[in-house]
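Dear colleague,

Please find below the structure for your attention. A written account of the findings comes after it.

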Amino acid sequence: QETPERLYRNCLLQLHKKIRALNECKFRRRRIEVDIAELKSKLANAKTFDKQRHEIDIEEKEYQLDNELKLIEDVFIEVETYKNILKHLPVFTREEFEKGEAEYWKRRLFCGLKNEVLSTGQVKPDTIKALGQIGINVGRNEKGQLAYTDSAVLPKEYKEEEKIISFNKQL
């Protein structure tokens, strides 16, 4: 149910998050390396228990560095995945994305409507309200079947009359 525009935007947002995570990781690693150097310096002059504490602290910091490497590897894999998805999508402008949002929400709300009808035999008032906000009116036809009108896509001559379109025929 995801539109190409939304998939494109989602990939870009995820890429941005991953790049930001890599940069944060880079700074964290640098701080840890400084901490290790400081601890090693202190270790050289430490005695007994302080020496043992510094050795444990160094070991812990080195463990943190190893974990950071695993995170970096995972992020690189995710970045490549998003790049691969983007290679197969057209490039969308912000305006094109905004136009595609109406279709995305229509699909998403209809999917929710369908799931509600199949699972409970009813449509929740919030779903009906959300559909109404995008120009789709839900009700029952003369046979008592769930039906809707889509004033956003009906020809101008039908907008005033808003004929009921059978739900079953549209999905």
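The notes below begin with the whole chain and then turn to particular residues.

This is a predicted model, in which local features need pLDDT of at least 70 and side-chain atom pairs count only at pLDDT 80 or more, while totals for chains, interfaces and linings use all residues. Residues are numbered from 1 along each chain as its sequence is written, and side-chain values use heavy atoms, with hydrogens and water left out.

**The chain as a whole**

The protein chain contains 6 helices and 3 strands; helices (H or I, at least four residues) and strands (E, at least two) are DSSP runs, numbered from the N terminus. Read from the N terminus, the order of elements is α-α-α-α-β-β-α-β-α. The chain has 171 residues, of which 30% count as buried. Here buried means under 20% relative accessible area, exposed means over 50%, and partly exposed lies in between (1.4 Å probe, protein chains only).

Of the contacts between residues at least 6 apart in sequence, 51% join residues at least 24 apart, a contact being heavy atoms within 4.5 Å.

**Aromatic pairs**

The whole structure holds 2 aromatic pairs. Rings of Phe, Tyr and Trp (its six-membered ring) pair if their centres lie within 6.5 Å; planes under 30 degrees apart count as stacked, over 60 as edge-to-face and the rest as tilted. Tyrosine 8 and phenylalanine 92 make an edge-to-face pair, with 5.7 Å from centre to centre and 70° between the planes. This pair links distant parts of the chain, 84 residues apart: tyrosine 8 belongs to helix H1 (residues 4–45), and phenylalanine 92 to the loop between helix H2 (48–87) and helix H3 (94–120). Tyrosine 8 and phenylalanine 92 are both buried.

Tyrosine 104 and tryptophan 105 are also an aromatic pair, and it counts as edge-to-face because the ring centres are 5.1 Å apart and the planes stand at 80°. Tyrosine 104 is buried, at 9% relative accessible area, whereas tryptophan 105 is partly exposed at 34%. Arginine 6 lies over the face of tyrosine 104, 3.8 Å from the ring centre; a charge sits over a ring if NZ of Lys or CZ of Arg is within 6 Å of the ring centre and within 35 degrees of the ring normal.

**Helix H3**

Helix H3 has 27 residues and spans 38 Å from its first C-alpha to its last, close to the 39 Å expected at 1.5 Å a residue. That expected span is 1.5 Å times one less than the number of residues. A kink of about 30° is centred on glycine 100, where the bend at a residue is the angle between axes fitted to the seven residues ending there and the seven starting there. Glycine 100 is among the buried residues of H3, which also include Phe97, Glu101, Tyr104, Leu109, Phe110, Leu113 and Glu116. Just after H3, glycine 121 takes a positive phi of about 80°.

**The loop between H2 and H3**

Leucine 89 is placed in the loop between H2 and H3 and counts as buried, at 18% relative accessibility. Its contacts, not counting residues up to four places away in sequence, are Pro4, Leu7 and Tyr8. Leucine 89 and proline 4 are 85 residues apart along the chain, with their C-alpha atoms separated by 7.1 Å.

Isoleucine 19 lies in helix H1 and is partly exposed, at 47% relative accessibility. Its C-alpha atom is 9.1 Å from that of phenylalanine 76, 57 residues away along the chain.

Helix H2 includes threonine 48, which has a phi near 35°, a positive value in a residue other than glycine. Most residues other than glycine have a negative phi. Threonine 48 is exposed, with a relative accessible area of 60%. Isoleucine 56 is also found in helix H2 and counts as exposed at 54% relative accessibility. Isoleucine 56 and leucine 39 are 17 residues apart in sequence, and 9.9 Å separates their C-alpha atoms.

With kind regards
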